[in-house]
Amino acid sequence: MADDHTFHMAPDEFRRHGRSVIDWIADYMATVEAMPVLSQDRPGAVRARLPAHPPEHGEPFETVLSDLTSVILPGVTHWQSPNFFAFFPANVSGPSVLGELVSAALGIQGMLWTTSPACTELETHMLDWIVDMLDLPATFGSGGPGGGVIQDSASSASLCALLAARERVTEGAADKLGVGGALTVYASSQAHSSIEKAVRIAGLGSDNYRVVDVDDAQRMRPEALEAAIAGDVVAGVTPCMVVATVGTTSSMAMDPLRAIGEVCRRFDVWLHVDAAMAGTAAVCPELRGLHDGLELANSYCFNPHKWMFVNFDCDCFYVADRRPLVAALSILPEYLRNAASEAGDVVDYRDWQVPLGRRFRSLKLWFVIRHYGVEGLRHHVREHIAIAADLAKWVEAERDFELAAPVSLNLVCFRHRGGDAFNQALLERVNASGAMYLTHTVLDGSYTLRVSVGGTNTTRAHVEAAWDRICAAASAPEGLVP
Ligand code: PLP
């Protein structure tokens, strides 16, 4: 006799609980502004609220949902608060969350075209749409030798760029590393740490990571790059890849792409451009100067999961020539063989990334781009930039504060004239208030506060209130003076 007992959630139950989850999320979106931005929990507090052992018997879903509020939420730092100004935005939107939900429900593995044609084809199509939207070089489109792919993160994109560059410079002998001697990678002192991490993961060795000097606006100095590469060539070392950053993490500095690209062409070195945060700005025609020279790049990435209202994870990675990338990452076991791949008519994105499996992430792009339209995305990006420009004016108007770097896009770096310890205490005080969350960096050797404006619901009023609070905290300095 068949045992028809099941522990699964039936479709009707799912419909009911799903509605409560959507209600929970909508309530969260509507009320997050009132919550302390930085979690007030101490280390271990979340675990202390959880039972030590898993339940033997399934529990009612209502209990799980109510524990979400009481057990989990206090330990959440609210990246979606309009008063979140730390690090960089990771802005979420309704259409993106719904796209994620559908992707989860379909639960496909899109490693091969044949394992879900829609996953591959929608992805290729969205990446082509983005070439249009940001006016990227046509070589990154799917019509020629290059193309785009979604990676989980800019870190993975930069690693894949390095693996492709290594493949190219060793002429296919990359997996026998050592052939051709040491390979070097170049990036400025302001490049993201993921570049050095890629060098380590790829086995090139940290000693072969060259940190190139920057000018007084934190931009890579092309003449310093040229000298470093020329010196390595003379020493018999092989330059493998240069990474230029469009929008550095600390201060949103823009490396001069064209001059860097020309150096790379002279020495025939792979140029990867990391525009993780800033790339979205190119949706606005008047800001496309930030990509000037991008046609000289071999690869490029930016993160819709930072500033384009797409929830993590979604990095768009492009190559001008896909052959070295696919050569570096393709291994074909028997169990993945199929007629479509063998006919050579399709793209198999497993060959463009480190993992085999992949989610249907392009649904998020499709939902978001169709909901906002290019016009909607431009509107919000322009608004964030205008608010940051206002904040910069307010900083300049306060005698006790100064800008610490030229204001670039949506990031304002500033400091109080009271010195490093004062600024650190000021940061801790405003963050402890729960009213906002800022983070810091060090620029030109001095402790610097950063306000990154990019929250989905951040308005001028939120930034104005944050600035008033910073000024008030600085002018009541009990506890701020060391
Ligand atoms: N590159 C730059 C310029 C960044 O600002 C960041 C994130 O701060 C990264 C790379 C890393 O991004 P991801 O978390 O997508 O790896």
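The following legends describe close-up views of a predicted model.

**View 1. The residues around the ligand.**
The ligand is surrounded by 14 residues, and the closest are Ala-154, Ser-155, Thr-249, Asp-274 and Asn-303. By residue class, this shell divides into 3 nonpolar, 9 polar and 2 charged residues.

**View 2. Polar side chains facing oxygen atoms of the ligand.**
Thr-249 places a polar side-chain atom 2.9 Å from an oxygen atom of the ligand. For Asn-303, a polar side-chain atom likewise lies 2.9 Å from an oxygen atom of the ligand. In the side chain of His-305, an N or O atom is 3.2 Å from a ligand oxygen atom. Taken alone, the ligand exposes 400 Å², and the protein buries 91% of that area. Two or more residues of the shell around the ligand come from each of the elements α6 (154-169) and α10 (304-307).

**View 3. The pair of helices α8 and α9.**
Two packed helices are described by the angle between their axes and the distance between the axes. Helix α8 covers residues 222-234 and helix α9 covers residues 257-267; their axes come within 9 Å and cross at roughly 15 degrees. Because angles under 35 degrees count as roughly parallel, α8 is roughly parallel to α9. The crossing of these two helices, α8 and α9, is right-handed.

**View 4. The pair of helices α5 and α13.**
Helix α5 (residues 117-134) packs with helix α13 (residues 362-397) at an angle of about 25 degrees, and the two axes are 10 Å apart. This angle makes α5 roughly parallel to α13. The crossing of α5 and α13 is left-handed.

**View 5. The pair of helices α14 and α15.**
The axes of helix α14 (residues 420-432) and helix α15 (residues 460-475) come within 10 Å of each other, and they cross at roughly 125 degrees. The helices α14 and α15 are therefore oblique to each other. In passing α15, helix α14 makes a right-handed crossing.

Asp-313 belongs to the loop between α10 and β8 (315-319).

**View 6. A positive phi in a loop.**
Glu-171 is not a glycine, yet its phi is positive, at about 50 degrees. This residue, Glu-171, is found in the loop between α6 and β2 (177-180).

Definitions and conventions. Residues are numbered from 1 along each chain as its sequence is written. This is a predicted model: local features need pLDDT of at least 70, side-chain atom pairs count only at pLDDT 80 or more; totals for chains, interfaces and linings use all residues. Side-chain values use heavy atoms; hydrogens and water are left out. A residue is near a molecule or strand if one of its heavy atoms lies within 4 Å of it. A polar contact is a pair of N or O atoms within 3.5 Å; within protein, one must be able to donate a hydrogen and the other to accept it, and residues adjacent in sequence count only if both atoms are side-chain atoms. Accessible areas come from the Shrake-Rupley method with a 1.4 Å probe; for residues, only the protein chains shown count as cover. Helices (H or I, at least four residues) and strands (E, at least two) are DSSP runs, numbered from the N terminus. Ala, Val, Leu, Ile, Met, Phe, Trp, Tyr, Cys and Pro count as nonpolar, Asp, Glu, Lys and Arg as charged, and the others, Gly among them, as polar. Axes are lines fitted to C-alpha atoms, for helices over the stretch in contact, and angles run from 0 to 180 degrees between N-to-C directions. Angles under 35 degrees count as roughly parallel, over 145 as roughly antiparallel, 65 to 115 as roughly perpendicular and the rest as oblique. A crossing is left-handed if the near helix is turned anticlockwise from the far one by less than a right angle, and right-handed if clockwise.
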